[in-house]
Amino acid sequence: MSEARAYGAASPTSPLAPMTLTRREPRERDVEIDIAYCGICHSDLHTVRGEWGEGAYPIVPGHEIVGRVSRVGKKVKKFKVGDLAGVGCMVDSCRKCPQCRKGLEQHCQNRISFTYNAFEQDGVTPTQGGYSTRIVVDEAFVLKIKSGLPLERVAPLLCAGITTYSPLKRHGVKKGSRVGVLGLGGLGHMAVKLAAAMGGKVVVLSGTESKRADARALGAAEFVLTKDAAEMTKRAGTLDLIIDTVSGAHDVNAMIGLLAVGGTLVMVGASPAPHAVGSFPLIVGRRAVEGSLIGGIAETQEMLDFCAKKKVLADVEVIAAKDINAAYERLLKSDVRYRFSIDCSTL
Ligand code: NAP
Ligand code: ZN
Ligand code: ZN
């Protein structure tokens, strides 16, 4: 066993505070990672504040983890000490069910071990995430990170990157595809960069006028202020795909109206409040609304390799551990450009 410094929440109403974690001794196939950076995902905030249901406290969040391998178990094949490594939203799954066998571990039909606020495969050991100095994970769930990249900008790919890459890829985005990205935050800005890198023509749909110039710099062709009725009307029926990354309640019907016939709105934003979706916007344009949950391990590696090749990285504001609570408040005000990345040496 080894100790790790961490930041976590003791209850849904307490701010995150320093704490100490115990990490297991690496088993035969385990990789121990000294964490360099961990991104702050809005899911961390939803979880620690109990917005998605009661959590198992204390919770150390964080699932956008990059660092260096410090120890390996004797049967580890993919990594050696000193290698760069990444961990995303999952640290294990049953690996036997039909979904796991298809590389869709995130849809494991038995037990999925999310990186925090979940249990290891033994069903009793709580998982604790990346706002910490060290983590121990089976190599099957550890990703390879190419060297020479700024790690603070790689970390957010492990969730924001794969969550947006997966539906863009599944919908075959290519040159000429018309892709709307709703909400320009951590996921949204990755969706813009990735869709543009695939050749898509990206339209940012945002509630924040001050992000207009950024949208273009990120690779979008157009920016639409969603509260401007005239701008919205002009775009009606023009998009093949919308990636909806909004973290709270919003008017989904207005967005569905922007889809062309046969278009799809992919819900990745996980608002705790349900949405009212009207029948008619769907029926008249034979449109679809679907969900998407992160991506499998093989697909996450594919996304990391795609990003390295296409030079896609997150735009980050690096923060020290003491600033995590303030960062959460800023996240709630859509005041992030575009991901907070914690320097874990400050924990
Ligand atoms: P974020 O950085 O806070 O970005 C969300 C963006 O949505 C904001 O920047 C803002 O963009 C817009 N927004 C926020 N509240 C809004 C509201 N009430 N109405 C309209 N627009 C609003 O969050 P994130 O880390 O990207 O995460 C986004 C959501 O995805 C969260 O719910 C998170 O839990 C979820 N998520 C899901 C998955 C998955 O696998 N499905 C994975 C990761 C995260 P503008 O200023 O441009 O309007
Ligand atoms: Zn996340
Ligand atoms: Zn499974």
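Tutor: Let us begin with a definition: buried area is the accessible area, taken with a 1.4 Å probe, that two parts lose on being put together, summed over both. Please keep in mind that this is a predicted model.

Student: Which residues make up domain 1 and domain 2?
Tutor: Domain 1 comprises residues 2-159 + 295-346, and domain 2 comprises residues 161-291. Their centres, taken over C-alpha atoms, are separated by 27 Å.

Student: What area is buried between domain 1 and domain 2?
Tutor: About 2100 Å² is buried between domain 1 and domain 2, and carbon and sulfur atoms give 59% of this area. On the domain 1 side, Cys159, Phe306 and Tyr338 lose the most area to domain 2, together 28% of what that side buries.

Student: How many residues of each domain are in contact, and how many salt bridges lie across the interface?
Tutor: The contacts involve 25 residues of domain 1 and 24 residues of domain 2. The rule finds three salt bridges across the interface of these two domains.

Student: Changing topic to the metals: which residues are the protein donors of the zinc ion (ligand 2)?
Tutor: They are Cys41 (SG), His63 (NE2) and Cys159 (SG), which lie 2.0 to 2.3 Å from the zinc ion (ligand 2). Along the chain these donors follow the spacing C-x21-H-x95-C. The two cysteines link distant parts of the chain, 118 residues apart: cysteine 41 is in the loop between β3 (30-40) and α1 (42-48), and cysteine 159 is in the loop between α3 (151-154) and α4 (160-170).

Student: Are cysteine 41 and cysteine 159 buried or exposed?
Tutor: Cysteine 41 and cysteine 159 are both buried.

Student: And what coordinates the zinc ion (ligand 3)?
Tutor: Cys94 (SG), Cys97 (SG), Cys100 (SG) and Cys108 (SG) coordinate the zinc ion (ligand 3) at 2.3 to 2.4 Å. The sequence spacing of these donor residues is C-x2-C-x2-C-x7-C. Among them, cysteine 97 and cysteine 100 are buried.

Student: Why is the arrangement around the zinc ion (ligand 3) called tetrahedral?
Tutor: The arrangement is tetrahedral because the four donor atoms subtend angles of 102 to 118 degrees, and four donors count as tetrahedral if all angles lie between 85 and 135 degrees.

Student: Back to charges. How many salt bridges does the structure hold?
Tutor: The structure holds 26 salt bridges. One of them pairs glutamate 290 with arginine 170, with the closest N and O atoms 3.3 Å apart. Glutamate 290 lies in strand β15 (residues 288-291) and arginine 170 in helix α4, so this pair ties together parts that are 120 residues apart in sequence.

Student: How accessible are glutamate 290 and arginine 170?
Tutor: Glutamate 290 counts as partly exposed at 26% relative accessibility, and arginine 170 counts as partly exposed at 46%.

Student: Which partner does aspartate 240 have?
Tutor: Aspartate 240 forms a salt bridge with arginine 178, the closest N and O atoms being 2.9 Å apart. Aspartate 240 is in strand β13 (residues 239-244) and arginine 178 is in strand β10 (residues 178-182), 62 residues apart.

Student: And what does glutamate 222 meet?
Tutor: Its side chain meets that of lysine 201 in a salt bridge of 2.9 Å, N to O. Glutamate 222 lies in strand β12 (residues 222-225) and lysine 201 in strand β11 (residues 201-206), so the pair ties together parts 21 residues apart in sequence. Elsewhere, salt bridges that share partners join Arg24, Asp30 and Glu120 into one network.

Definitions and conventions:
Residues numbered from 1 in each chain as written. Chains lettered and ligands numbered in written order. Predicted model: local features only at pLDDT ≥ 70, side-chain atom pairs only at ≥ 80, totals over all residues. Heavy atoms only, no water. Donors = N, O, S within 2.8 Å, 3.2 Å for Na, K, Ca; no water. Helix = DSSP H or I, 4+ residues; strand = E, 2+ residues; numbered from the N terminus. Buried < 20%, exposed > 50% of the residue type's maximum accessible area, 1.4 Å probe, protein only. Tetrahedral: all angles 85-135°; square planar, octahedral: opposite > 155°, others 65-115°. Domains from an automatic or database assignment. Contact = heavy atoms within 4.5 Å. Salt bridge = Lys/Arg side-chain N within 4 Å of Asp/Glu carboxyl O.
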